[in-house]
Amino acid sequence: KHLSLKLRFVGMNLNVSKVCVPPLYWYHDWSKMVLFFELWRKHSPTFIVYANSYSKDVGKVLEYYKEQGLVQIVNWPMLESSNDGEDPNASIYRLSHSLAHNDCVMRMNGEYGVLLDIDEYI
C-alpha cells in the first residue's frame, strides 16, 4: 500500500518560564552546554543550573549566560561525612537529581517549567 501525507510545520512557543538542570558532576562538555542553552533560548526561559563540579570552560559558559540574566547557578555541594564511617555521598551522583528536582520545583515561579539534562532538547 502507498500512503501519502501532507504535512505542514506549525510554529510553536512552549512558553516555558524555567528550565531546571539537575546537578552537574565532573561536567566538561562546554559545547554541548552552549547548544542546550541556545536551542532552548527560543522559548524564552530562564535556567536554574545545579552545579557541583565542572571544568573551567564550562564555568566560563555558565558565567556568560549568568551575566545575560539567563542562568541562575545553584551551588550543589557534597554532604559532610559523619564520624560513624557512613558516607552520605556514596550514592549522591545517582540520587541527588531527585533532590534537585524537588528544590527546583519550589524555586519555579512561573506557569510552566521543565526538568531536563543538558543533552535533552526539543
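Reader: Among contacts between residues at least 6 apart in sequence, what share joins residues at least 24 apart?
Author: This is a predicted model. Take the contacts in the chain between residues at least 6 apart in sequence. The share that joins residues at least 24 apart is 79%.

Reader: In what order do the elements of the chain run?
Author: The chain has 3 helices and 4 strands. Read from the N terminus on, their order is β-α-β-α-β-α-β.

Reader: Which residue of strand 3 is the bridge partner of Tyr50?
Author: Strand 2 and strand 3 (residues 71-75) run parallel, joined by 5 bridges. Tyr50 has its bridge partner in strand 3. That partner is Val74.

Reader: What is the handedness of the β-α-β crossover from strand 2 to strand 3?
Author: Strands 2 and 3 run parallel. Between them the chain passes through helix 2 (residues 56-67). The crossover is right-handed.

Reader: Is Trp26 buried or exposed?
Author: Trp26 sits in the loop between strand 1 (18-24) and helix 1 (30-41). Its phi is positive, about 55°, though Trp26 is not a glycine. Most residues other than glycine have a negative phi. Exposed means over 50% relative accessible area; Trp26 has 58% relative accessibility, so it counts as exposed.

Reader: Is Ser44 buried or exposed?
Author: Ser44 lies in the loop between helix 1 and strand 2 (46-51). Its phi is positive too, near 60°, in a residue other than glycine. The relative accessible area of Ser44 is 55%, so Ser44 is exposed.

Reader: What percentage of the accessible surface belongs to carbon and sulfur atoms?
Author: The accessible surface of the chain comes to about 8600 Å². The part that belongs to carbon and sulfur atoms is 53%.

How values were computed
Residues numbered from 1 in each chain as written. Predicted model: local features only at pLDDT ≥ 70, side-chain atom pairs only at ≥ 80, totals over all residues. Heavy atoms only, no water. Helix = DSSP H or I, 4+ residues; strand = E, 2+ residues; numbered from the N terminus. Buried < 20%, exposed > 50% of the residue type's maximum accessible area, 1.4 Å probe, protein only. Pairing = 2+ DSSP bridges. Right-handed = clockwise from strand over helix to strand, strands pointing away. Contact = heavy atoms within 4.5 Å. Areas by Shrake-Rupley, 256 points an atom, 1.4 Å probe, with all protein chains shown as cover.
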